[in-house]
Each structure stands twice: as structure tokens, then as C-alpha cells.
Amino acid sequence: MRDDNKLTDQQVEDYIDMKLDPMLLNRNGQMVVAGTPKRNSDIFSTINQRIKEEGELCPWKLYRYPAILDYDKKELLMPDRFTWAHIMNKRLSMGALKFAREYQLEFFSRDKSLFTEDVIKIAKERGKDVTLLNKFENLGSQWSYLAGVDVARSGAASADYTVVMILAFNSVTNDRRLVFVWREKGLKITEQARIIAGISKKFEHPLFLVEKNNVGQDIIDELIDKYNVNVESFTTTHTSKDEMIRFLVTTFEYEKIILPTGNHSSRRVVEELEYELQKFSVTKTPKGNEKMEGVGAHDDQIIAIGLANKATQMFGAPFAVTDFDGDSGDEYSSVVSASGSHETDLVKKIMMGIIK
């Protein structure tokens, strides 16, 4: 396929459907279209969409040959030609999104993302002078920490990630500043609970909003019964998830999110979050129903920050927590923190406008 853009995507699609495809019927032939997906309207994305909509009835078959076959195992498609370091350097130089399209052949459109480039850019610019933190810092009486936890459905190495995101919430300006991120997979429930309890202690026991579904309830029970962590549960249904995500989108659009980019490590963490945000879209199922999901990417960070953002609506004062004995300081790879308030619950509700 030519890539000089002298033909529009529609012209290419029409040529294949109206010129080449009829020839296959006459000659009982086959067609192979090879290349790299570039846009949501190019021929590869069009074929991919037809396969999704028509299922087994679709005569097209899609074969992908990504450069990285398995991130966890560092398994490459062509290890005799490229080393893992070569591929990672290319990913860093291009950025995660471009790399995903060019080297991992993933289909997604920034235009269809719920989180546009503009709103993410504003959030990053607002955080150009701040960084992620490893422990509690007092940012002032108007700030408090709130956390969201997306729990992995199993402890297998191939499972989703367990993610903790902590936001500092300003009850006067309604700003939310990302202050801490922890992301790990392959941990048993007891180990996840132990680390989350350690994070809670580091940040002086903020409210943790934890997804209740699947193994979430087991972790909630462990956090409460064993560590007395300040936990509220959130039951994820199709409706509640959509409402939570749309609230997060609105928070970005109203420029109330601050993403720290003040140092290299903060920028690296924010880049991974941005990668998920820009690939999170509204898609349609084969039955025509709308579905919010990450297209070719995990969405665990989005769920976690969405839960933390949701927690700002359930804001409350910290309460007593038992000591956590297993905190060695390196149980989790940090990348954030913010502030907390020592005001009473009554004062906080007045400041938020709940009590007038």
C-alpha cells in the first residue's frame, strides 16, 4: 500500500472493495493487504472493524506481528535482529502511543478518545512545577489525600495490574493533584493488602475507595480486619462505571486535574497514565451497544484514578489505623504523594459546601 497520501482512505477502500474484490470472485483468488495501521479510517482499521462487527461471517482474517510478543517475559518477535534495549530505546524516543501503533500494530484513535490531547496537555502543564511523592506532605489545611484502588482479578503473572492512585484534593479550589502511583501484578491477595496498608501508613491513612467486584471484597476484608485501613467499597456495574468515567472526563475538561511533570520520574509515570487515557474510548459491541474500554491497552490506571476522583465526592476525615509492621520502605515503587488536612470532619464539610 502506498503511503504518500496521494490517495485518500476512502479511495483505497473503494479500490479494494470495487476493483480487487470482484476479481477474487471471478478467479477464486485471495488477497493479502500488508502494512501498518495509521489512522482510524485507513484500510487496516476498516478491516479490523468489519471483523469485529461481522465475526465469523467476515471473510477477512487479521494477523498481527508486533515487535514485542510478551512484555513480562521480554519476548521479542525478532530477537536475532533487535535486543530488548534497542526496542525500549525506540519506545522512549517515539513515545508510548506512537510506538504502540508503529511497532505493536495496535488499533486506536486519539480522535475517539474520551480524554483528548488538549485536556491531558493542560493537566500536565499545571503540574510542571510539582512532582510525585513517596510519603505524606502537608500541602495546607485545604488539601487532603484520597486514594483509589483497582484490584487485579487474580494473582497470576498474566493477570491485570493492581493499581493504587492517590490524589490530593483541594476542598477550596476543587483541584485534584496526582501524588502517588503504585502498580504491580502477580501478587496474592494477602500481599496486595499488606502493601496497600503500608501505603496507607506512608500517607497518614487517607480514605481508600476500592473496587468491590471479584477479589476486591477479599482485599477489603483483609484491609479492614487485619490493618484497620480507612476503606470504602465501590461496586462496579456498567452504569456506575460509566458515571465514574464521565465524572473523571468532566474533571479533566474543567481543568481540575494536575499531573506532575516536574522531574524525570514523574514524567515517566504520567506518560504511562497518558498512554491509557488516550486509548480509552467508547466502542460499539457487535450488537451495537456502547462500551467504554481501553482499545489495545490496560485500563487499570484509569479505573484507579477514577475511583480516587470519585472519592472526592465521598470525602471524610481520617481515622485511627493500626501500625503496619511490614513496611521496609521499598515494598512498592513510588511515584507520588500530596497532602493532608488536620481539620475536623465538620470543618471539611463546611469548606466543601456540604454544610452551608
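Colleague: What span does helix α7 reach from its first C-alpha to its last, and what is expected at 1.5 Å a residue?
Modeller: In this predicted model, α7 covers residues 216-227, which is 12 residues. At 1.5 Å a residue the expected span is 16 Å, and the helix comes close to that value, reaching 16 Å.

Colleague: Which residues of α7 are buried, and on the same side of the helix or on opposite sides?
Modeller: The buried residues of α7 are G216, I219, I220, E222, L223 and Y227. Because they cover an arc of only 160° around the axis, they lie on the same side of α7.

Colleague: Which residue just after α7 takes a positive phi?
Modeller: The helix itself ends at residue 227. Just after α7, a positive phi of about 55° is taken by N228.

Colleague: How many residues has the largest nonpolar core, and which element gives the largest share of it?
Modeller: The largest nonpolar core has 37 residues, and those with the most contacts inside it are F115, M165, L178, I245, F252 and L259. Elements giving two or more residues to this core include β4 (162-170), β5 (176-184) and α8 (238-253). The largest share, 7 residues, comes from α10.

Colleague: Which residues is M165 in contact with, leaving aside its neighbours within four places in sequence?
Modeller: M165 is among the residues with the most contacts inside the largest core. Beyond those sequence neighbours, M165 is in contact with L146, A147, G148, L178, F180, V181, L273, Q301, A304, I305 and A308.

Colleague: How many residues of strand β3 are buried, and which point each way from the strand?
Modeller: β3 (residues 143-150) is mostly covered, with 8 of its 8 residues buried. In a regular strand the side chains alternate between the two faces of the sheet. In β3, W143, Y145, A147 and V149 point one way, and the other way point S144, L146, G148 and D150.

Notes. Residues numbered from 1 in each chain as written. Predicted model: local features only at pLDDT ≥ 70, side-chain atom pairs only at ≥ 80, totals over all residues. Heavy atoms only, no water. Helix = DSSP H or I, 4+ residues; strand = E, 2+ residues; numbered from the N terminus. Expected span 1.5 Å × (residues − 1). Buried < 20%, exposed > 50% of the residue type's maximum accessible area, 1.4 Å probe, protein only. Arc of directions from axis to C-beta. Core = buried A, V, L, I, M, F, W, Y, C linked by side-chain atoms within 4.5 Å. Contact = heavy atoms within 4.5 Å.
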